[in-house]
Amino acid sequence: MDRRDFLGGGLVVAATLGLAALATIPIPPDSPGRNGFAGASSAERRRNRFLNVALTTHEGREVRFYDDLIKDKTVLLNFMYTVCTAEAICPLGTANLVEVQRLLGPRIGKDISMYSITLDPANDTPGVLKSYAKAFGVKPGWEFLTGEKEAIERLRRNLGYANLDPVKDKDPSQHSGMLRYGIEPLERWAGCAILSPPKWIARYLAWLEPKGERPDQWPLKRTGVAGG
């Protein structure tokens, strides 16, 4: 996806350079509390930024997006297809996130959760997603999710995976190349290209943490991840 296209969707990223930037989740038209943010408490504001649609994990567990998956958690999430038409970006992205999971080690499933949400629920049933996760050697703490097509479409838009150009927005390849990550209780969110080097992704997430440090220059010489 073109960097300018994704900026139009409301997520501040520099995808073409693999850089990440702190971002505010846009308040979409179908947010339950769009007109009630003024004077809302932190908990109410946080809850009203997200939809709480019903989803099903690749293990067959029924969950709610906000209540069960992101509330009070640090998360990494993306949209994907098990059968990808976007120049094979989905399998490449999944393989890249497998390395991210390896780098973050025991934190995944403990204080960091990973979620991949299918954009093709008609094909990507829980069983298909389970086989897909197994094929990539995905470990616990990373869940693949499906649900009703309408619910997933609303969730895609709610999370900023939308293009202001309606023609491009209907193109499935426009929504599978970005990774979103954040710390929900701190209301800190950002995003980057899903094919960014895994070490960079791990570092981006660390920057959002309470004691995270941002580099004062690029490349990231001081963080030890310059050049990948």
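In these legends a residue is called buried if its relative accessible area is under 20%, exposed if over 50%, and partly exposed in between, as found with a 1.4 Å probe on protein chains only. The model is predicted, so local features need a pLDDT of at least 70 and side-chain atom pairs count only at pLDDT 80 or more, while totals for chains, interfaces and linings use all residues. Residues are numbered from 1 along each chain as its sequence is written, and side-chain values use heavy atoms, with hydrogens and water left out.

View 1. Helices (DSSP runs of H or I, at least four residues) and strands (runs of E, at least two residues) are numbered from the N terminus. Helix H4 (residues 89-104) has 16 residues and reaches 22 Å from its first C-alpha to its last, close to the expected 22 Å, where the expected span is 1.5 Å times one less than the number of residues. Its buried residues are Ile89, Cys90, Gly93, Thr94, Asn96, Leu97, Val100, Gln101 and Leu104. They cover an arc of only 165° around the axis, which puts them on the same side of H4; the arc is that of the directions from the helix axis to the C-beta atoms. An α-helix has 3.6 residues a turn, so residues three or four places apart point the same way. Glycine 105, which follows H4, has a positive phi near 55°.

**View 2. The largest nonpolar core and helix H8.** A nonpolar core is a set of buried Ala, Val, Leu, Ile, Met, Phe, Trp, Tyr and Cys residues joined through side-chain atoms within 4.5 Å. The largest one has 53 residues, and those with the most contacts inside it are Leu55, Phe65, Leu76, Leu155 and Tyr181. Helix H8 gives the most to this core, with 7 residues. Helix H8 (residues 198-208) is itself mostly covered, as 8 of its 11 residues are buried. Leaving aside neighbours within four places in sequence, leucine 155 is in contact with Leu51, Val53, Leu55, Phe65, Phe79 and Ile117.

View 3. Two strands pair if DSSP finds at least two bridges between them, and S8 and S9 pair in the antiparallel sense over 6 bridges. Leucine 179 stands opposite cysteine 192 in S9, and cysteine 192 is buried, with a relative accessible area of 0%. Because 5 of the 6 residues of S9 are buried, this strand is largely enclosed by the rest of the structure. The hairpin has 4 residues between its strands, and glutamate 187 in the turn has a positive phi of about 55°. Glutamate 187 is partly exposed, with a relative accessible area of 27%.

View 4. Strand S3 (residues 54-57) and strand S4 (residues 62-64) run antiparallel and are joined by 3 bridges, with alanine 54 opposite arginine 64 in S4. These two strands form a hairpin with 4 residues between them, where glycine 60 in the turn has a positive phi of about 85°. S3 is also joined to S7 by 2 bridges, again antiparallel, and threonine 57 stands opposite leucine 145 in S7.

Definitions and conventions: Contact = heavy atoms within 4.5 Å.
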